[in-house]
Amino acid sequence: MSVPLHGIIAEYETPEELLRAAKRAREAGYTHMDAYSPFPVHGLAEAIGFEDHKVPWVTFFAGVIGAIAGFSLQYYISVVDYPLNVGGRPFLSWPAFIPVTFETTVLFAAFGAFIGMLALNGLPQPYHPVFNAPRFERASQDRFFLCIEASDPLFDRANTRHFLEGTGARMVSEVEE
Amino acid sequence: MQEVAQRETGALIEGKHTYESITHKIASVAMGYRHPIAWYIVTAIAAAGVFMLITAIAWLLLRGVGIWGINQPVGWGFAIINFVWWIGIGHAGTLISAILLLLRQQWRTSINRFAEAMTIFAVMCAGMFPLLHVGRPWVAYWLLPIPNWTGAWPQFRSPLIWDVFAVTTYFTVSLLFWFTGLIPDFATLRDRAKKRISQIIYGVLAMGWRNSAKHWHRYESAYLLLAGLSTPLVVSVHSIVSLDFAVSLLPGWHTTIFPPYFVAGAIYSGFAMVLTLVIPIRAWYKMQDVLTIKHLDWMAKIMLATGLIVFYGYIMEIFTALYSGHSMETFLVKNRFFGPYAPFFWALLVCNGLIPQVLWSPKVRQNVALLFVISLIVNVGMWLERFVIVVTSLHRDFLPSSWGMYYPTIWDVMLYAGTIGFFTFMMFLFVRFVPMISIFEMRDLLHQTDRHRQAPAGAPATPVATTEVSS
Amino acid sequence: MPQVFHQSSNTLARLSIVTGAALLVTSVLIGSNLSRSPYVTRAGAPVDQPVPFSHKHHVKELGIDCRYCHNTVEKSAVAGIPPTHTCMSCHSQVWTNSPLLEPIRQSYLNGTPVKWNKVYDLPDFVYFNHSIHVQKGVGCNTCHGPVHEMNITYKAQPLSMSWCLDCHRQPEKYIRPKEEVYNYEYKQPQNQMELGAKLVKEYGIQKGQLTDCWICHR
Amino acid sequence: MEKKNHQPLNLEEIRRRLAEARGRNYWRSLEEVADSEDFRQILEKEFPLQSSPLGAFLHRRQFLKLMGASLALAGLTSCRPLPQRKIVPQVQQPEEVIPGKPLYYASAFTLGGFARGILVESHEGRPTKIEGNARHPASPGSQGILPLTQPARIHPDGTPEHLGATDAFTQASILTLYDPDRSQSPVQQNRLASWQDFNTALAAAMAKQAAVRGAGLRILTETVTSPTLAALLEELLRKYPQARWYQYEPVNQDHSLEGTRIAFGEPLQPIYRFDRADVILSLDANFLHGDAASVRYAHDYSTRRRVRRDTHTMNRLYVVESTPTVTGSVADHRLPLRPSQVSAFALALAKAIGLPVSAPSLPEQAQRWVDVVARDLQAHRGRCVVAVGETQPPAVHALVHAINDALGNIGQTVVYTAPVQAKPVSQTEDIRRLAQEMASGAVEALVILGGNPAYNAPADLEFARLLKETTQRGAFTVHLSMYEDETSALCEWHVPESHYLETWGDARAYDGTVSIIQPLIEPLYPSRSSYEIVDAMLGRQRSGYDIVRAYWQGRQQSKQFDTAWRKWLHDGVVAGSALPVKPVKCRLQSVLEAVQKLPPAPEGLEMVILPDPNIWDGRFANNGWLQELPKPLSLLTWDNAVYISPATAQRLGLSMDTGGLANMVDTVEIRYRGAKVRAPIWIMPGQPDDCITVFLGYGRQRAGKVGTDLGYNAYALRYSDALWSASGVTLAKTGERYPLASTQQHHSMEGRDLVPEGTLQQFLRDPEHFVQKHSEHEQPSLYPEHEWEGHKWAMVIDTSLCIGCNACVVACQAENNIPIVGKEQVARGREMHWIRVDRYYEGGLDNPRTYHQPVPCMHCENAPCEPVCPVGATNHSHEGLNQMVYNRCVGTRYCSNNCPYKVRRFNFLKYNDPKEPVLQLLNNPDVTVRGRGVMEKCTYCVQRINAARIEAKKLGRRVQDGEVVTACQAACPTHAIVFGDMSDEHSLVALAKAQPHHYGLLEELNTRPRTTYLVKVRNPNPELEGD
């Protein structure tokens, strides 16, 4: 039965247990792992050694683009393409152009944040091997999982399993690719 | 299941609850739950309202806006009043979910989902009016900057164009924010679903969310950013709506205080509407232990606060008008006090100014029935405010020769009532198919409040040697 | 066991997003192009007439001046469609029994006018004045195209507002010396822009005013 | 003839169907008529070409523009490919016609028989607009007063043409031409008949009369001033010596003719020379409105009211009147008195200036008036006028002639000519005699040419009943009229009359000047003129043209008749045809005797009977423009009401509430000599107490789809011995309320300085600080100044001159294709008029001071409407016009909300529905027909500006001053409106703006209006200040 593994997954009952287990895994030198919890658990990402601050930047640049797009649209329309004398106002009535510029900024930024988050998380991704794990549906309800992936250099079917069983897991099982 | 001791800090969640139980409580409403008879009755009535809405719109498109009561000089009537009213109602949602999130207010958790849904449907209702109130709706798309072969463009000095951008942005961002919040819950529903079909539907909506710590990490920052963006947005939207009036030179419209007090008013009416909806639903779906008295109390307090700001706005408006010494302005005040529409003005002061003062008393704030009544009164009051602003300013402006009166027609009323029907209809569908409370945030809240407790004194985790591999 | 979807669904999901976006873009492009297409504008589409009148024959081969038939072009807003009488001034002599000309003869005999099909048909809220345009050096074929080459007359230009604006914004791009207005052989010189600029000054054309709405709409 | 061998149509049946039918259905049902075998035979027999009335016309003329107009809605709303449209050239191009270029022909419009000279604008053969003919004495242009440098129009033959002023009737008369309700075929006993049938019948009847020398033949016409028609009738009377020709119309000159007969022994036509008068006293004389010479009088009067920097004198106008009128509203001093008191006032005045009359006692205030006015008049001997109105009894007319004589005015400011009527008779006597003869059965053949006696004859004559009986008795009764009206219904025959724009004729103006009436268009329907009917009675079949031309050829035996004739047609006047001034000698004795017989002042409620200011005697009842035109002072539309003074209303417990949409008013039952009429009241400030005023012209039963069943019929209260005023009237409150639609709900200025005013003395003392100014430039702005280039169009309106006659409103409506919206929409406040005349009251309710302020679009340089438009549908042209682009408008109405002047008008519904194809012919092809849901407003008549600019540019010159004349400006009888280019400092408008008493409405808002005003300057008598 040489089915390729995605990794070995351990189930815990409380976030605290999961955190402890994750920390121990780090100490044990595991690098390729992921933790699953029904709500964001503070410090969990750090515990599995994961840092990522791209989303704010994406949002920021999207916002900047939005601002520029918004204002230049108005400038082009009111000054360049079809300038009209509207109530004796100058073609470039910049104070009147502020609201729209603001709105486009927010709009673009929001899209940046949303799409950025999804894209970086690689979503949508309806299929993922970890779903093969037994009882994994509890991950979105009341259980906490730690999965050490097969791609990890230290990964060894037996050892890793044994290691996880030593972290106070309720249950340890293998996850097929 | 582990037993859970009664929590002392449980004012936000009452009764014994585990992650499982709270998940079940909320999720089950959306899946295979026997809905109270009230749900069917209200939804039926609301559906009737939707049909009325359709009729009113059909006739409107057929005959033109002449079927309404508008005229010279009152060019804007119900349509714009209702537009502003609905937009205002939307604001509570964004405020609760965004601003309170930034302020780390835990009590927002159990109402934000609900309020956001309200925002979205309210903005839908609001959006209908500007579209329908134009004389030639079939060319309303000219308000969008679409390159076209006439070479003509929108005119960006007009507050109406600002509205177009503000409202669409507001709607889009609210939708994104709402949906972002829903993703993990859709995952929950997907994982709880028994039927294949609901598995697929919720699965698609969840987009393969798997609660990974990495996802949560990015998710939280995105969620926070969206909140941060919504906050200035919610302020800007009603400010811009208020500019529709403030930018004009009409006495009673041409007022610099409008933006702040419109925003306050919006939040005011928004919270009123949340209460109006939450109170019955909370009862029908037995949500008292997650939507606690404490929540109602807090909301009542916010209403009180914003209500006072609005009231201050009224007073300042009158003061500046009189202080300006501008004959037209002083006349306007006189006309509001004693003119033909004076009853509306005084009723507005009573509904928005006087009655809500009873909220000072905790007893009232914690009396559900009373709160419900007050929330209704405030809704009415806020509608009256818009009526007074729009109509009394227009019907007697600069030249007495062109003064006139405004009387709505049956079609005005039908369209308005129709949108209320539509709004209710959508809200109840939402309650039926989508978790009305953010489940993962409730779990989080539960966890937060559990922190103080030492780990459960249950049997330690015993490794279960399982050899079989999941397949 | 929460695995709801098959592995392929990932590709499917991403694909659907991409195609969705693509569809949106293409539909917009199609729409905007369609609205400018001859299908809508009817530019270049020959219009059937009760009598298959050939401008090519009359203008190029016989060398009849535009103004012989369109005789009010210099005086009035409308260039003028020739009354039957004008046709008969020649056709009482030539082709007197050509079957093609039967409608003309009928019209002349029992005084019922010929109902031609409009080729250049502006919306009713647009007011175009021929006389001022020919006075200020806008050539016939600048708008009407190579009429002298048309057997069956067709509309040479889309008559879209942006098309009008193109010239109203920069008349120097198109105008020619007055005396060349009716010359269908006229070719724009290399130095059109200088010439145009010179003529704009000379003819006292107030460019700014040309984009005022009420110049064309009332 | 084949009438026997098929079932004739039952017209009653059809009329019923038509009555129900509306819009297209109307035409469908008409086609049903047209399709009936019967009808087609009739038509084809009559008019080989015109198998369908409208169709015939369509074939005859070229219709590019018309088709444009009829598709305008489709055009306005769509950018999709339009359906393939036809372009239809003529078979043979008439010489003078240049497609796309209007032509102007001189003609004349008559009201009460008196001619007003007009120029008719014709597009490809369809008349679309009427202007005054400045060459005509009754429609003077502004030349002489305003030095026009350029003609406003070029006549077909290239000669310059100034536009003359007009009144509302003249402007609106063109709508009647295209009225779909006009009768379109002869009718015998409610059955469609043919003209041939009629001619046969007529011939038979005449033959029968020939036998008895016309003993049974009676002809009833309205007032005839036409030399040609008179000659024809004389000829007829010669041929039938026993026959009688009677004249009657409800608004006639009986009293004034009788007055001159008393004073001078012969009927005369008095003519006032207001331009020579320093002091004017009007005794119930509304000479500025409705009179045959009103336009001229207003013009003359205005020459002495126009205040400029160098002005030192003005005339002074005292008005003593029994009903508030426009004349009273512009008076320096106005005194409301009951009719009987006005007579008494005349007596007292006569006494005061030394005539041997015994004056009855007057109210204290009136007495003081007498002394002051007498002094003022005597101080201006020979330079003053006392004018008396038709409503006063003949004796008072005579007395006034004596007063003018005593004041040395005769020959100076008042002159007399022979009567303008061909046969100056007492029309009341005429109609009474006819009634007697009908009663006695002496009438065997009655030919009624025009008029509507069955509706408007004095009630006591019971004319309708008699006419019915006469017809039933088998007499040959004919009614020639444009509508199948009340009278037609009672006659055996109704035959359709041609509109004056369809037929040849001639008529005299108030001073006798003859105009040839020339048609602008072939009759739309098979119809005849009275000339042709009389000619037919003489056994001839001449066309109107031959008749008129033959008459004048007969008069002028010269080689150059053709030249002269052509000149008359071109000029619109027959040179030197004005009647010579007669030297007169006043017979004081007979005047005094007549005055003795004046009845003593009656007790109780008095009633004044006046023609409606817009509908007149009822002849314009089906004219939507005039129905929707706000009546001067009350600003009522679509109804007539009973004027009653505030005090009297209070006494009788009557009220009206102006709060709501419509004005809900009490209704009363007026009882007079057994007659009972229910009518809504209108509480009229300035109405004398214990005196009500009722208006004629309403309560029509068969006026047409527009005019039937509106208002109440005041003729029921009109007796042949009390034509204009009556006493012993009683009012009873019915308790019912009735909605009236008025265009202005609020009548006080709320203390806002909207229509500043001052006295001449103040002006002379310190012109510069006459008005307190808001300088434009003290207003700070976030934005830089806008640079203007080219012309700067602007308008100045002189509020001292505006008399509130509303001629400008109708002129604008006609020029700009402005729809009517109907009573319900007016009540909602949705009337569409682009220019309105605001009316404000100031001072006590009983006799307030009245202000008129015409308000068109201000074309603000900082237009508040523009920045708020989301699609830029309204913006500014380089020449400073506030442009409104209908085809861009999406209809948010934001602009209207933000317009402080509320001059924008919105098409709330589909007002301009092209339902009645024939009405499409009326549209001005140079102005877009607006569809539903778009905003519209005054354009300064941009179509005229563009036309002038294009012509100027073709000649490589600037548009010169006076070359562009807006419709309102041209119509204004007092030339209160000046329009032009303010960048040219010599232009009239620039000069007006340089005046010290020039101001902008609401200019403190920094809108910088281009339309501005001149302060109203009064010339009160210090001795009467406070009255």
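User: Where in chain D is D:D926 placed?

Analyst: D:D926 lies in the loop between α29 (917–920) and β40 (935–936) of chain D. Helices (H or I, at least four residues) and strands (E, at least two) are DSSP runs, numbered from the N terminus. The model is predicted, so local features need pLDDT of at least 70 and side-chain atom pairs count only at pLDDT 80 or more, while totals for chains, interfaces and linings use all residues. Residues are numbered from 1 along each chain as its sequence is written, chains are lettered from A in the order in which they are written, and side-chain values use heavy atoms, with hydrogens and water left out.

User: Why is D:D926 said to have no salt bridge?

Analyst: A salt bridge is a side-chain nitrogen of Lys or Arg within 4 Å of a carboxyl oxygen of Asp or Glu. For D:D926 the nearest side chain of opposite charge, C:R218, is 4.2 Å away, so D:D926 has no salt bridge. Lys and Arg count as positive and Asp and Glu as negative; His and the chain ends are not counted.

User: Which residues does D:D926 touch?

Analyst: Leaving aside residues up to four places away in sequence, D:D926 touches C:Y127, C:R218, D:H123 and D:Q943. Contact means heavy atoms within 4.5 Å.

User: What makes B:R218 and A:D52 a salt bridge?

Analyst: Their closest N and O atoms are 2.3 Å apart, and the limit is 4 Å, so the pair qualifies. Across the interface of chain B and chain A the rule finds 1 salt bridge.

User: How is the size of an interface often given?

Analyst: Often by the accessible area lost when the parts come together. Here buried area is the accessible area (1.4 Å probe) that two parts lose on being put together, summed over both. Chain B and chain A bury about 6,300 Å² between them; chain B and chain D bury about 4,700 Å².

User: Why is α4(B) called largely enclosed?

Analyst: Of its 25 residues, 21 are buried, so α4(B) is largely enclosed by the rest of the structure.

Notes. Buried means under 20% relative accessible area, exposed over 50%, partly exposed in between (1.4 Å probe, protein chains only).
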